[in-house]
Amino acid sequence: MEKRIQNIVEQWFLLEPLLFQIWCSHHVTANEQMTCPVRSGKGRIEFSPERLKDLSNIQLELLLLCHLKWFF
C-alpha cells in the first residue's frame, strides 16, 4: 500500500505542487487498528492498509485528495 500511495504523491510533485507540499509537511503512517480508511489532523495522516487494499488507484487518489483539500 505504501508503494501505491508513494506513486500517487510523486505525481503530485509535478501536477499538484501544493498538495505535494501539504503531504510532505505531515507525518504519514499506516495504522492497522483504524476502522476508517484515512484520517488526518494534528500534523498526521494515518491510513488503514486493510481498508484501502481493494480501491483502484484512482479511488485511492480521490480519497487522499478529499483529506488534503481540508488544508486549503
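A search of the whole structure, a predicted model, turns up two aromatic pairs. One of them joins Trp 12 and Trp 23 in an edge-to-face arrangement, with 6.1 Å from centre to centre and 80° between the planes. This pair links distant parts of the chain: Trp 12 belongs to helix α1 (residues 2–15) and Trp 23 to helix α2 (residues 17–24), eleven residues apart. Trp 12 has a relative accessible area of 1% and is therefore buried, the cut-off being under 20%. Trp 23 also counts as buried, at 10% relative accessibility.

The rings of Phe 13 and Phe 20 make up an aromatic pair as well, with centres 5.1 Å apart; their planes stand at 75°, so this pair is edge-to-face, given that angles over 60 degrees fall in that class. Phe 20 has a relative accessible area of 22%, so this residue is partly exposed.

Helix α2 brings us to the next feature, its packing with another helix. Here α2 and helix α4 (residues 57–68) pack at an angle of about 75°, and their axes lie 11 Å apart. The two helices, α2 and α4, are therefore roughly perpendicular to each other, as the range for that description runs from 65 to 115 degrees.

Which residues in α2 meet α4? On the α2 side they are Leu 19, Ile 22 and Trp 23, and in α4 they meet Leu 64, Leu 65 and Leu 68. The residues of this contact of α2 with α4 divide into six nonpolar, no polar and no charged.

How values were computed
Residues numbered from 1 in each chain as written. Predicted model: local features only at pLDDT ≥ 70, side-chain atom pairs only at ≥ 80, totals over all residues. Heavy atoms only, no water. Phe/Tyr/Trp six-rings, centres within 6.5 Å; stacked < 30°, edge-to-face > 60°. Helix = DSSP H or I, 4+ residues; strand = E, 2+ residues; numbered from the N terminus. Buried < 20%, exposed > 50% of the residue type's maximum accessible area, 1.4 Å probe, protein only. Axes fitted to C-alpha atoms, helices over the stretch in contact; angles between N-to-C directions. Parallel < 35°, antiparallel > 145°, perpendicular 65-115°, else oblique. Contact = heavy atoms within 4.5 Å. Nonpolar A, V, L, I, M, F, W, Y, C, P; charged D, E, K, R; others polar.
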